[in-house]
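Please open the model in your viewer and keep the selection tool at hand.

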Protein chains: 2
Amino acid sequence: MEPVDTLVCARWVLPVEPDGTVLADHAVAMRDGRIVAVLPTAAALASYTPAELVERPHHAILPGLVNAHTHAAMTLLRGRAENLALAPWLQDAIAPIERRWVDPEYVRDGTELAIAEMQRGGVTCFADMQLWPEVVARAAADAHMRVSVGLVVEQAASRWAADPNEYIEKGMALRDDYRGDALVATHFALEPSHALDDPTLARVRRLADELEIPVALPVHESAWEVAESLARHGARPLDRLVRLGFASPLLVAVHGTCLSPADIDALAACGAAVVHCPESNLKLGSGVCPAADLLSRGVRVALGTDGAASNNDLDVLSEMRTAGLLAAGVSARPGALVARDLLRMATLEGARVLGLGDSTGSLVPGKWADLCCINLRTAGSWPVHDVEAALVYACSSRQVTDTWVAGRRVFAAGSLRYIDEESVLERAEAWRARIDAAHGGSQD
Amino acid sequence: MEPVDTLVCARWVLPVEPDGTVLADHAVAMRDGRIVAVLPTAAALASYTPAELVERPHHAILPGLVNAHTHAAMTLLRGRAENLALAPWLQDAIAPIERRWVDPEYVRDGTELAIAEMQRGGVTCFADMQLWPEVVARAAADAHMRVSVGLVVEQAASRWAADPNEYIEKGMALRDDYRGDALVATHFALEPSHALDDPTLARVRRLADELEIPVALPVHESAWEVAESLARHGARPLDRLVRLGFASPLLVAVHGTCLSPADIDALAACGAAVVHCPESNLKLGSGVCPAADLLSRGVRVALGTDGAASNNDLDVLSEMRTAGLLAAGVSARPGALVARDLLRMATLEGARVLGLGDSTGSLVPGKWADLCCINLRTAGSWPVHDVEAALVYACSSRQVTDTWVAGRRVFAAGSLRYIDEESVLERAEAWRARIDAAHGGSQD
């Protein structure tokens, strides 16, 4: 009998690797933050003496969900700018508020709220883009949350950095601070390329290649972005990025709603990845990422929620459902993305896109024990003829019962372990009151 | 001080009538199953002595949601037939199972499961289409659920009725049994018109006009339905229905994914209603109902989930979100349907479509006290800059805390009052095991 820290036994285990595996009456053993084994429950009970035994007889265990693109602190602006297209949403509604209010305290509070929502919803890792990324990193580390913090690069001055060089320097310093950290990874997170000049893009590209870190940025998020790039640089964004040397597996093209067949060819040829954010794209009327076509061309596709100011939540389970419905409905091809594809996109593909595919994203011995457990025995998701379909099309993120990050149970029995949720909700309400008072439009 | 049965006080009350009203710190008083008043909490506490006082300080009260089209008993087939288009889904996957298994016991168990899910999700009324509608009526009455039971008319014999005359006779008998019932209403529920001959349609039309009851049927659910009607009757379904005299406010055109401008004109001209079932339509790849266009032409539009075998849940809150995202995304018009429209479609418009608009669907004194209460103070829906947007885009149906039907609290504190949920879930699992064993494809 071998001691382990935790043994969690469930009706179903979906390890995601090998693809599409559904294991009945299996267990996951964890020790020192890592997965030790995935095996039949009977064998597990005969092999391991767990410090903690968790029995989940009507539940599915799956890898923790990966939110491959968000702006966590935007939770504080949830519902603040409704019914607008991307350009007016950003320029007229969001930017003025962010310029006035975003500071380390704001980022801390908004990010904590986001992590609370995500840990409750089975998300164990998120990729973030936000000024003051060092605050995001600290908030995640304190909440025992896995994050890939975006090293933000923008052209214009902000309260965080004066020019592209300072953005990059601060990003590099942050990367150094967390080198080797168990929870905090980094990637470059650029504003849309039309706003960035060639030298800045070239410098980011050189650094990314040297350091081998992903470069995420909006790519063809909307027709507006494409038009801006054509007007300013005489080239569509992806063409320009290719010309500047970004055509590599490190490129993470976020959104991708306006992709021509040639664009898809280009993404496929260089091994780039796409992050599909269906709910935000739909809500802003930006268009629909051709996720099924990309997948069929071998392009890696992960899922993101984008920020809560355009979504309006950070619910990756719901994002899977929307992506599946959209792929079937828009192409009139039911099963264009099957539930299995969606589960892989929301877990392993997300991890891979962020460069974390070797250490998380699937339930494989040796990987970090990042997983969640979902109760399927509810009136809205029972009976279970097909567990993958149940998870994608009939479950709510509110059916997540337990979330583990690196072997620690961050959410269980309805409570978060590392976040004082009452305090976070109070601080969020204080921000809302302050912002609505200053900018009008309060509910009061 | 006036005695009332229940006074529920909340942070926000959205009565839906007048349209778009958001009342802060208001209360709803109920007596004898009816709404007595909607007024500021302070005034309510000074005016009424409630037998039961319910305080919901971070919650929104809204009219109970109306699921304007479902097949409740299909919950037993949730996830049983994935990734198929409408015709093969129905003909090859669902029909063989239903022909073998559907009987009064099946309908009872499946309907109870559906009502459990709906009452938990704030739904207080549903329109159903299912053989053995008398079993549906009984299940709803027993669960203290409002229903408009579909008086099913099909051309072919089934285990329930031998020919159209028997369908109609049994339907009329059922209608008589529940005449004047506080909870059970009826409407005609026809199979797609291409399957029905002219005399049957003519007879239904005469009866519906005489009795003034709505006639619901799929209308242009998919290109397949349109093609079938053209092949069999030489006319598109809506054209044929118009020719046969169905062009009236009693017509409830369900689905409506393939509507030409002329079809929309025809629906608008006669005052017909449309039930938009976005998730089921998307999942089956049937197309997208032009809900925003219909609304702008003055056509009444309600929301339905369709059955759980094609959705895969009966979550009207989620259906609102999908309808909103879809309207914005597909037309590239953010706000094509605003949250206020969606809330009205999911409540008052649903009631009106079913002929129940005078007695339910909004929080107006004298109407039945059909309402639900939703907790907005959760990490995923807080802070609330815009309560309508929060309800549609950031809330889960699992945030419903209380549901009242005709003044009785059918769901509270996580439990259903009139349904033995444990027993329902067990019976559902027994059906699943039986069906999967007979037809293959079990999870075991």
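Into which domains is chain A divided? Select residues 2-63 + 365-413 of chain A for domain 1, then residues 65-353 for domain 2; these bounds come from an automatic or database domain assignment. This is a predicted model, in which local features need pLDDT of at least 70 and side-chain atom pairs count only at pLDDT 80 or more, while totals for chains, interfaces and linings use all residues. Residues are numbered from 1 along each chain as its sequence is written, chains are lettered from A in the order in which they are written, and side-chain values use heavy atoms, without hydrogens and water.

Display both domains of chain A together. Their C-alpha centres lie 29 Å apart. The contact (heavy atoms within 4.5 Å) takes 31 residues from domain 1 and 28 residues from domain 2. Between them, the two domains bury about 2400 Å², which is accessible area (1.4 Å probe) lost on being put together, summed over both; 63% of it is on carbon and sulfur atoms.

Next, select A:Val392, A:Tyr393 and A:Val405. These residues supply 24% of the area that domain 1 of chain A buries against domain 2, more than any other three residues.

Finally, select helix 2 (residues 86-101) and helix 16 (residues 421-439) of chain A. Helices are DSSP runs (H or I, at least four residues), numbered from the N terminus. The two pack at an angle of about 120°, with their axes 12 Å apart. The contact is made by residues including A:Pro96 and A:Trp101 of helix 2 and A:Trp431 and A:His439 of helix 16.

Key:
Axes fitted to C-alpha atoms, helices over the stretch in contact; angles between N-to-C directions.
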